[in-house]
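Opening the notebook on this one.

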Amino acid sequence: MKKLMFLAAMAITAAAFYSCGNSAPRASLKTDVDTLSYAIGMAQTQGLKEYLVGSMGVDSAYMSDFIKGLNEGVNAGDNKKKAAYYAGIQIGQQISTRMLKGINHELYGDDSTKTISMKNFMAGFVGALTGKKGLMTMEVAQTTAQRKMQEIKARELEKTYGENKKAGEKFLAENAKKEGVKTLPGGVQYKVLKEGTGAVPADTSLVRVHYEGRLLNDSVFDSSYKRGEPALFRANQVIKGWTEALCHMPAGSIWEVYIPQELAYGERAQAKIDPFSALIFKIELIEANAKRK
């Protein structure tokens, strides 16, 4: 990317200062400097067209319009007023073609009928740049943007995956009534398959475990047993439901653990796990205070 940006800059620098409109100036190679200038201009465009089309969204059918803008930019020289104007056009196009599209995709996925407000976006953007008193401070704006992004994204995901949440709540409510199933203070349910007698990990303990993870339909999405090697990690470096279970398990135990979606991945999708999915794990705590080999 940096190389292509350099090429673009060099191409602009090497363009003729007396060109106009959307046409190319006629070359006149009378001196070594003339020949060098022409050669540099041509050589430094290598990859530029591909960059314009692929990275800047320039339609090759409108290359003559690009040349017109290029000539205007070159002939502007160091005119600060024109430089500011051209920079505004460039940033505005990046907002339109990249930033807003990225934000909308993050919030609404592939639903192209929904978008954030361009009017309010620009009110905040321009207001901050011009130093006008805004409706919030920069610090508040940053935290508000992050919080609202998460809230809106969660609402949109719930419209699509809300049934997962309902299914998980129903399953856990029924599961809690089954014989041998106990509930920890944080909401994790478990059933002891084998009672261990070893040490109970702290949340910072390095633990060695074998495990198998299943969805409510019993499909397996991950298994250390299949990989043939137990996992090693700190008890607080996993999802909250795992941490709560591990911090109540004596080493040597094997539990079947039932984790509510909010203590698993919540609205975050994983490779084989949809948002708002309650999860079931078989967890075998081999060592509560393990050592790295």
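This is a predicted model: local features need pLDDT of at least 70, side-chain atom pairs count only at pLDDT 80 or more; totals for chains, interfaces and linings use all residues.

**Notes from the β6 side**

Residues are numbered from 1 along each chain as its sequence is written, and side-chain values use heavy atoms, with hydrogens and water left out.

Element names next. Helices (H or I, at least four residues) and strands (E, at least two) are DSSP runs, numbered from the N terminus. I count two strands as paired if DSSP finds at least two bridges between them.

**Entry: who sits beside β6**

β6 covers residues 254-259. With β7 (residues 279-287) it pairs in the antiparallel sense over 6 bridges. Strand β2 (residues 189-194) also runs antiparallel to β6, joined to it by 5 bridges. There I found K194 opposite I254.

Is β6 buried or exposed? I used these cut-offs: buried is under 20% relative accessible area, exposed is over 50%, and partly exposed is in between (1.4 Å probe, protein chains only). By that count 6 of the 6 residues of β6 are buried. I254, E256 and Y258 point one way, W255, V257 and I259 the other, and all are buried.

**Entry: the nonpolar core**

I then looked for nonpolar cores, meaning sets of buried Ala, Val, Leu, Ile, Met, Phe, Trp, Tyr and Cys residues joined through side-chain atoms within 4.5 Å. The largest has 28 residues, and V209, W242, L246, V257, I259 and F281 have the most contacts inside it. At least two residues each come from β3, β5 (231-234), α9 (240-246), β6 and β7. β7 gives the most, with 4 residues. The general background: in soluble globular proteins, nonpolar side chains tend to be buried together.

I went back to F281 and listed its contacts (heavy atoms within 4.5 Å). Neighbours within four places in sequence aside, F281 touches Y211, E212, G213, F221, I239, W242, W255, E256, V257 and I259.

Most residues other than glycine have a negative phi.

D218 is in the loop between β3 (206-214) and β4 (220-223). F276 is in the loop between β6 and β7.

**Entry: salt bridges**

My criterion was a side-chain nitrogen of Lys or Arg within 4 Å of a carboxyl oxygen of Asp or Glu. How many salt bridges does the whole structure hold? The search finds 11. I looked at some of them one by one.

K114 and E156 meet with N to O at 2.9 Å. This pair links distant parts of the chain, 42 residues apart: K114 is in the loop between α5 (80-108) and α6 (118-130), E156 in helix α7 (residues 138-175). K114 is partly exposed at 27%, and E156 is buried at 16%.

K148 and E151 form another, with the closest N and O atoms 3.5 Å apart. They are 3 residues apart in α7, so about one helical turn separates them. K148 is partly exposed at 39%, and E151 is partly exposed at 31%.

R208 and E287 meet at 2.7 Å, N to O. R208 belongs to strand β3 and E287 to strand β7, and the two are 79 residues apart. R208 is buried at 11%, while E287 is partly exposed at 30%. I also found that salt bridges with shared partners join K114, E156 and K159 into one network.

**Entry: α5 against α7**

Last, helix packing. Axes are lines fitted to C-alpha atoms, for helices over the stretch in contact, and angles run from 0 to 180 degrees between N-to-C directions. α5 and α7 pack at about 50°, with axes 8 Å apart. Angles under 35 degrees count as roughly parallel, over 145 as roughly antiparallel, 65 to 115 as roughly perpendicular and the rest as oblique, so α5 is oblique to α7. The contact is made by I103, E106, L107 and Y108 of α5 with M149, I152, K153 and E156 of α7.
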